Amino acid sequence: MSKELEKMTPELRAFIEEWKAKPGNLIMVLHRVQQTYGYIPREIAIETSEILGVPLAKIYGVITFYNFFRLRKAGKYNIQVCLGTACYLRGGDDVLKEFEKQLGVGLNATTPDGMFSVEAVRCLGCCGLAPVAVVNGEVHGKLSTKDVENIIAKYCAEG
Amino acid sequence: MKLVFGEGSCGIAAGARKVRAAVEKLNADGAVGVGITGCIGMCYLEPIVDVYDGGTLVKRLVKVDEAAAPALYEAAKTGDLAPLAKYEISADDREFLEKQTRIALRHCGLIDPEDIAAYEAVDGYKAIRKVLAMTPEDVIAEIKVSGLAGRGGAGFPTWFKWNAARNAKGEQKYLICNADEGDPGAFMDRAVIESDPHSLIEGMLIAAYAIGATKAFVYVRAEYPLAIVRLEKALAAAKKAGLLGENILGSGFSCDIRIKAGAGAFVCGEETALIESLEGNRGMPRLKPPFPAEKGYTQAPSNINNVETFANVAWIILNGGAAFAAMGTETSKGTKVFALTGKIKRGGLVEIPMGLTLRDVIFGIGGGIRDGGTFKAVQMGGPSGGCIPEHLLDTKIDYKALGATGAIMGSGGMVVMDSHTCMVNMARFFLDFTAKESCGKCVHCRIGTKRMHEILTRITEGKGKEGDVELLQELCNGIKAGALCGLGQTAPNPVLTTIRYFRDEYDAHIREARCPAHECAALKKYEIDPAKCKGCTMCAKKCPVGAITGTVKQPHVIDQSKCIKCGQCAATCKFGAIVVG
């Protein structure tokens with residue numbers, strides 16, 4: 001599968017240059033890369049490594065250490081199901097499985113049309129609304145497996 | 001009249017912003033005052049709207065939906081609040097707040113977190129003014145009198161850490177706020193930052209002055225975007241007011257605070273791992289000693305405290321350490337915030353003086369178990385803590401007393417479980433978490449948690465073996481003794497406490513292939529109650545493996561050898577004829 005390479009935006013380059021001299025900058029920079037592309041493309045990681053003078057291996061090490069950074073593009077709608085203790089107790093796991101089943105994708109995978117991806121996340125701190133799922137920042141609380149179909153339909157309709 | 005919307009993350013998730021937008025649309029003429037506040041901590045009643053008349057709270061409205069917007073607007077405009085009666089908080093729910101003593105949360109849900117003037121109006125930034133006229137030694141002495149201990153979990157005396165950092169040799173010293181609230185089920189730090197960010201800033205400034213730090217960081221979880229935004233705003237406002245940066249209030253003392261976002265790693269709540277992360281590395285803990293007070297961030301003396309700890313500091317300075325120490329028990333002073341969640345009737349943030357019992361909190365404030373269930377256990381301190389059974393509910397909330405049960409005070413997560421929760425599966429859930437979050441640096445934690453998770457998984461699948469419990473105990477003790485950092489040392493706690501108090505459940509899984517709580521899917525048994533079955537054939541049609549047979553209008557039967565325990569029959573049956581055993 002061929003894929004178009006991402007190009008570093010001038011804004012991103014300026015940001016990295018600005019942070020270059022400050023200690024402990026790597027995580028900050030990676031946050032900005034992910035904000036720009038929605039993930040951390042390999043080619044951008046290589047360029048970042050050159051600008052910062054940090055080995056690519058170290059950058060890869062940091063990316064894979066932290067749950068927040070992703071190496072693959074998420075779906076247009078990224079469904080994050082909370083599996084914190086409170087959500088798990090109230091059936092968060094079942095909600096997650098229902099999303100996977102209805103979308104026909106596994107965990108951390110994206111549907112072939114690029115519309116949806118499913119992720120399990122650690123506590124979002126909305127325990128009062130457990131179980132919770134967040135879709136592109138929008139919180140859906142007090143879920144049961146029966147709500148899954150409607151949530152997917154809602155975003156399908158929005159296209 | 002003024003309508004104030006509770007816009008913490010929970011409130012927003014429950015729809016507070018939508019309700020406010022609907023009111024603002026009607027309020028084009030500005031006849032009604034509209035404002036926001038943070039989180040009052042009654043998560044189960046969100047969205048919450050407070051009605052103020054000339055600065056006095058006259059009514060608290062709960063579970064307010066968008067449809068209520070016209071009534072809200074009209075009532076606030078005319079002053080006739082009678083039509084809002086159905087939204088008014090009940091006397092029962094009011095108790096949730098009335099039974100609390102709030103210090104760390106003293107302003108949460110009461111002031112506008114995005115307005116520095118609102119903080120100053122409630123004695124904000126008075127403590128730092130007082131402190132700047134004191135010697136750093138006197139500040140540390142006052143904190144010592146208060147008996148304040150680290151609220152992040154370890155419960156180490158705060159004054160001692162400050163003193164060590166103050167006495168450490170080094171030109172540049174750092175102050176770090178640990179806002180990497182990783183315990184699933186704990187969210188008090190998020191509430192403080194979102195609802196009262198200036199109180200955190202003031203507490204940090206006081207600490208920085210006491211230890212002689214001129215640079216400070218707040219390490220916040222990336223999962224808390226609203227907290228980051230509110231803190232950024234608060235820092236900018238404080239800087240503009242001359243409370244931050246060079247020569248604060250003309251005192252000659254300088255301190256700058258910067259935010260650093262984490263990136264999702266539970267181990268970064270451990271202080272040396274957090275420092276590694278601040279430096280831009282994989283968050284793997286360092287060997288202690290040297291402690292951060294001597295060699296912390298970039299090898300310079302550093303002091304790390306948690307958000308809730310800092311949130312108490314300004315209050316202690318203004319009211320005196322003795323007033324704080326007057327609350328609590330012999331070994332634990334002041335108040336502690338708990339995040340009450342799980343199968344509880346009234347879930348949310350609860351701040352109480354140390355020394356109350358678990359029963360006071362769970363039944364007195366939390367209202368007991370939701371949906372008429374029965375209490376089984378409470379998990380204290382998240383994946384690092386342990387569960388406490390019913391017969392120990394009268395244990396006092398105190399570092400020592402809780403430690404004696406095998407659980408810990410922890411950061412304040414209190415997850416309540418009822419009779420439908422399988423304790424073996426719960427232990428498996430926590431070990432799944434710690435095994436995934438183990439950084440991999442030391443063998444005990446990396447391989448030990450993985451092995452424990454494997455054993456627990458096989459027990460929940462009905463494949464447990466005689467001797468598994470003893471093997472788990474042996475692993476637990478080895479990991480506790482050998483792991484490098486707090487994550488590994490405490491990871492066995494959920495296993496040890498569930499074995500200690502719920503050994504019978506382990507035995508039922510292993511010896512009888514039975515899950516007493518009917519939770520473990522592999523051990524469930526689905527049967528059809530012939531008295532209730534109408535022979536509608538719906539379940540037989542749904543069953544993906546053809547395990548259900550029978551003729552129309554006659555009771556059906558499930559072939560146990562074919563059943564894969566997917567539960568679709570139970571979900572389909574309209575007559576409640578499927579019995580899960």
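This is a predicted model: local features need pLDDT of at least 70, side-chain atom pairs count only at pLDDT 80 or more; totals for chains, interfaces and linings use all residues.
- The lining counts 48 residues, and B:Gly153, B:Ala154, B:Gly269, B:Glu270 and B:Glu271 are the closest to the pocket centre.
- Several chain B elements supply at least two lining residues each: helices H8 (158-167), H12 (271-278), H16 (399-404) and H20 (486-490), plus strand E8 (302-306).
- Strand E8(B) has the largest share of the lining, with five residues.

**Where chain A meets chain B**

- The contact draws on 35 residues from chain A and 52 residues from chain B.
- On the chain A side, A:Phe65, A:Leu89 and A:Arg122 lose the most area to chain B, and together they make up 20% of what that side buries.
- The two chains bury about 3,400 Å² between them, with 59% of that on carbon and sulfur atoms.
- A:Arg122 and B:Glu437 meet through their side chains in a salt bridge, at 3.5 Å from N to O.
- Polar contacts between chain A and chain B come to 17 residue pairs, with both residues at pLDDT 80 or more.
- Chain A's touching side gets two or more residues from each of helix H2 (26-37), helix H4 (56-65), helix H5 (85-89) and strand E4 (138-140).
- Helix H4(A) gives the most to that side, namely five residues.
- By residue type, the side of chain A that touches chain B has 20 nonpolar, nine polar and six charged residues.

- As background, most residues other than glycine have a negative phi, and most peptide bonds are trans.
- The bond from B:Glu46 to B:Pro47 is cis, with omega near -5°, and B:Pro47 sits in the loop between strand E2 (33-37) and strand E3 (49-53) of chain B.
- Another cis peptide bond runs from B:Lys288 to B:Pro289, with omega near -5°.
- You'll find B:Pro289 in the loop between H12 and E8 of chain B; H12 and E8 also each supply at least two residues to the lining of the second largest pocket.
- B:Leu249 isn't a glycine, yet its phi is positive, at about 50°.
- The loop that holds B:Leu249 lies between helix H11 (225-240) and strand E7 (256-261) of chain B.

Definitions and conventions:
Residues are numbered from 1 along each chain as its sequence is written. Chains are lettered from A and ligands numbered from 1 in the order in which they are written. Side-chain values use heavy atoms; hydrogens and water are left out. On a 1 Å grid over the protein atoms alone, a cavity is a set of points where a 1.4 Å probe fits but cannot get out, and a pocket is an open set with protein on both sides within 12 Å along at least five of seven lines; lining residues have an atom within 4 Å of a point. Helices (H or I, at least four residues) and strands (E, at least two) are DSSP runs, numbered from the N terminus. Contact means heavy atoms within 4.5 Å. Buried area is the accessible area (1.4 Å probe) that two parts lose on being put together, summed over both. A salt bridge is a side-chain nitrogen of Lys or Arg within 4 Å of a carboxyl oxygen of Asp or Glu. A polar contact is a pair of N or O atoms within 3.5 Å; within protein, one must be able to donate a hydrogen and the other to accept it, and residues adjacent in sequence count only if both atoms are side-chain atoms. Ala, Val, Leu, Ile, Met, Phe, Trp, Tyr, Cys and Pro count as nonpolar, Asp, Glu, Lys and Arg as charged, and the others, Gly among them, as polar.
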